[in-house]
Amino acid sequence: MKTKYDLSNAKAAKKRLGLKVQKSFRLDPEVLLWLEEQGEKHGMGYQTFLNWYLNRQMAEEKTIAERVASLEAEIFKKKRA
């Protein structure tokens, strides 16, 4: 190992967007099987699918008032038909 390094031509490290966090958690075997099947169906690994699916659910998350309004609209639409 050198005692001195020439860093005059060194470039700054690129900022990484979307840095992932490694976390360990436990899943039921049937949940893991479903994730693997769905991931394969969508052309991705189960971890990528899980991340995509959770991000989609977070984006679509509704408040209780929004859910009730949506249910009422659906119920009343069916009663009129």
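1. Basis of the note. This is a predicted model, in which local features need pLDDT of at least 70 and side-chain atom pairs count only at pLDDT 80 or more, while totals for chains, interfaces and linings use all residues. Residues are numbered from 1 along each chain as its sequence is written, and side-chain values use heavy atoms, with hydrogens and water left out.

2. Fold. The protein chain has three helices and zero strands, in the order α-α-α along the sequence. Its radius of gyration is 24 Å, well over the 12 Å that the globule rule gives for 81 residues, so the chain is more spread out than a compact globule. The radius is taken over C-alpha atoms, and the rule is 2.2 Å times the number of residues to the power 0.38. Helices (H or I, at least four residues) and strands (E, at least two) are DSSP runs, numbered from the N terminus.

3. Extent and surface. The C-alpha atoms fill a box of roughly 80 × 30 × 25 Å along the principal axes. Of the 81 residues, 6% count as buried; buried means under 20% relative accessible area, exposed over 50%, and partly exposed in between (1.4 Å probe, protein chains only).

4. Aromatic rings. The structure holds four aromatic pairs. The ring centres of Trp34 and Phe49 lie 5.7 Å apart with planes at 70°, so this pair is edge-to-face. The pair links distant parts of the chain, Trp34 in helix α1 (residues 29-41) and Phe49 in helix α2, 15 residues apart. Rings of Phe, Tyr and Trp (its six-membered ring) pair if their centres lie within 6.5 Å; planes under 30 degrees apart count as stacked, over 60 as edge-to-face and the rest as tilted.

5. Is Phe49 buried or exposed? Phe49 is buried, at 2% relative accessible area, whereas Trp34 is partly exposed at 36%. Ring pairs join Trp34, Phe49, Trp52 and Tyr53 into a cluster.

6. Largest pocket. The largest pocket holds about 490 Å³ of space. Among its 14 lining residues, Val21, Lys23, Phe25, Gln47 and Leu50 are the closest to its centre. Helix α2 (residues 46-60) supplies the largest share of the lining, six residues. A pocket is an open set of points on a 1 Å grid where a 1.4 Å probe fits, with protein on both sides within 12 Å along at least five of seven lines; lining residues have an atom within 4 Å of a point.

Conventions:
Points joined across faces, edges and corners; volume = space filled by probe spheres on them.
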